Every structure is written in structure tokens, then in C-alpha cells.
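Here are a few friendly notes to read beside the model. Take them one at a time, with the structure open.

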Amino acid sequence: MAEERSVGELLDELFGFESVAKRQTALEQYDRGELLRKARSRELLGVIEGVEAAERAARESAVRAVDGYVRRVEFESLARARKQVGVVGPLQMERRYAAFLRMEDKAELLARLEQTLAFIEVKLRANTADRVRAAYDAAGALVLQGAARLSDVRVVDAVPLDADLLCTQLEQLRCAADATDLAGMIAATFESELSATGPQGADAFASDVAGDVALECELTNVRGAAQRARLAAQAYRAERAARVAGSTVKPVSLPESARVACGTGCDAGELSELLAQVKKSFETYRRVVADGGLFCAFGAGSPHGICRGSSYFDYDDRLDEDVLVGEYDGATRHNVRREVAIPELVDEASADGGDSLEVAVARMREFNGRRYDGVLDEDPARHVNAFWYGLKKLSQYCEAAVRVDERAWDCFIDKVQFAYDEPVGRLAMQMDDKQVAAFVAAVEVLDAGE
């Protein structure tokens, strides 16, 4: 006959009191185990991410320096090639106009405008499609020559670490795993260190007090293993940095010089006529500025000469209300950016690019047909507006006189950068901070125009 059970046991079995208690204990053990698993993942990920972030920062810094140098070489090569072939460089009208706005002497303004018109005339005569194409061909060869100087930069010596620490940590790292990637060796070292501490099983979390003590012990072991893995990775990176000392950059798959397609973009006769009409308009503009000075030199709505100061509201007894009061600070020059576009002082066509070359020529002829009556002219601003309109359209079509498909050139420069970016990136990831800083400094002082 089966042993009789007490009423309490029957009630526990009936209502599940015992199973609830067991379930609660299991949940507590699970919570502590989950905390431990998350702590292990967090610490290991922190070590790996720290190393990867350092390598990524080194790579980005070195590649950025190389890309900047290639861009400097590109600029210098184009300038040298244009000079060799006889091609006139960009007009940079927005920078010129910004300089005009900063001038405080009308004689200087008129002289610089006359020089600008002379520059445009020379540019239109010198820049042909054949010459521009030859300039790009010459510049491509100069870019390759200039970029090759990157191979003259050598990696300096690494920062030395304590020899005993280096050997000990490297031995730990190499014994942990036979791996080629640093992240894999860090993970293996971390796991090896945890195994050496004798991890506790699930039974260690059986009771509240003992479970908490065991959990804290395990968390301490996890943090210690992460620290030792971090030191091992530091030692490995130091040894790797010592190995690359004296190395140079060897480019891969250098491209051939670009073949840039060039053609005629504007009718040469129409462009010459526009230049003649702008010159004629300039003679009228010269008289307007001579009569009215710089305050009427930049067309309707010009900010030139507007005083700077502060303003505030003050009560006026006569008007019985607050009025805006200004205080002049003694300065009349307005702030001008480095580059300023000539404003649209004459309404143009809504199409992209505004008035066509033919329309611009016709409008300038119409504007030049208006007579200027000197100081008695009823609207001198219309003559000023006409001149700036003509100069704006002339500079626009002067730059477009030779149509250049620069996509091939841009692709060529991108390939030159990539040919050095890849090996530079690999090399930089093996350097320490001192080597990276020295490499970047050496690239930044390379003379792109040699």
C-alpha cells in the first residue's frame, strides 16, 4: 500500500505551490545567467570595437591626406599644363565680383574691370578645342608623375613597448588561436582567459545570496579577461607597427592618362560681338561711375556703402510711440563673402542658363542704343544694370566657349586616388598613432608642383 501523504502535500500538488517555487528559482537562475552572457558579449565587443575604431581612424586619416595631395597635384598639373600649351585658365568671375564689391576707390574698380575685359578677350582668342585637349593630355601625365612622389614617404619607427609585456601578451594571443585576423585572435584570447578562471555552472546560482556572489565573481572574471585581451591586442598591434617601419606605398593598377573630349560650345562670331557690345557698354559705365562714384557702381539694390551699426526701439514723445533708432559705428563697408555671383539686374529668360547668346547680343545692342545724359540722366542705374548684365552673360559664355566632357578627367583622378588609397589604407591600419601622424604630416608637406 502506497505511503499516505499529508494534507499539505496534497494541497501543494493540487494548487501548484511547489511548482511555482521551483519556477521562481529557475527564473532567478536564468536572469543571472542572462546577465552574465550579456556582460561577456558587451566586454568582448567593446575590446574588438576599440581596436577596429583605432584601425579605421588610422586608415581614414592616411587616405584623407593622400586624397588631398592628389587633388593638389591635379590643380598644379592643370595650371602647369595650361601654361605650357598656352591655354588661359578659369575666369573665376564670382571671386572677381566679390573683390569689386570690396573696393573703395572708383579708379581702381574701373582699372580692374578693364583688365577683366582684356583677360576675357585673350581667353577667347587663346582657348581653342585643340589646345584645351592638349592641356588635359599634358596634365594627365603630370598628375601621374606628381602622385608617384607618394612612394617616397616612408613609415617611421613605431613607439617601443615594454619588451617583457610585449612577449607575454603576444604569447597569450598566439596560443589562444591560430588566426590571421586580429578580431578572431581577440575573441579566442578572451574565451581562453575565461576558461582558465573556471566558470561556474548553473548550480552556483541556486540561492539568492550564493547566486549573487557567484554572479559578481563571474563578472569580475569577464572584466579581467577583457582587459587581458585588450593588452594582448595592444601588444600585437605594437609588433605589427614595428614590422611596417620603413615601408613605402606601392600603388596598384595605375590608370592611363585621361582622354578628355573637347569641342566648340558657342558660336565664335556671336561671342566676339557680345564682347564688343560689353566693351561699348563699359564706356558708358565708366562715365556713370565717374559722375556718381561707387555708390552707383553696382546697379539697383546694391548694398555697397550701406552703413553698419546697431538699432533699438525708443519712446518718442512727439509720436507717442516706440520708434526704431539706429546707431552708426563708423563703418560703411558691408560684409562680402569670398565669392559672390553678379546679381540678376535685368530679367532674363526662365530657361536654364537664362538668355541665350543670341538674345544677350540683341539685348546689349538695345541697351547701348540708350543715350546717357551725364549727371542730368533721369535713370543712370539702367546703364549700370546693362553693363553688369552684359559682363555676366559674357563671362558665362566665355567659360562655355570650349565644351569639355570632364567626366573622363574626373574618372581618371578617382582611379589615381583609388590606386593609392587601397595600399595606403592597408598600411595605415598596421601603424601606431605616431606612425600615422608622421605619415600624414609627410604627405601634407609634399610639394605638388615639383
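1. Helices are DSSP runs of H or I with at least four residues, and strands are E runs of at least two, numbered from the N terminus. The expected span of a helix is 1.5 Å times one less than its number of residues. Helix α4 (residues 106-126) has 21 residues and reaches 30 Å from first C-alpha to last, close to the 30 Å expected.

2. A word on the source: this is a predicted model, where local features need pLDDT of at least 70, side-chain atom pairs count only at pLDDT 80 or more, and totals for chains, interfaces and linings use all residues. Residues are numbered from 1 along each chain as its sequence is written, and side-chain values use heavy atoms, leaving out hydrogens and water.

3. Now look for aromatic pairs (Phe, Tyr or six-membered Trp rings with centres within 6.5 Å; planes under 30 degrees apart are stacked, over 60 edge-to-face, the rest tilted). The whole structure holds 12. Tyrosine 97 and phenylalanine 298 have centres 6.2 Å apart and planes at 80°, so they are edge-to-face. Tyrosine 97 lies in α3 and phenylalanine 298 in the loop between α9 and β2, so their pair ties together parts 201 residues apart in sequence. Tyrosine 97 is buried at 3% relative accessibility, and phenylalanine 298 at 1%.

4. Tyrosine 285 and phenylalanine 387 are stacked, because their centres lie 4.5 Å apart and their planes are at 25°. This pair joins helix α9 to helix α11.

Terms used
Buried means under 20% relative accessible area, exposed over 50%, partly exposed in between (1.4 Å probe, protein chains only).
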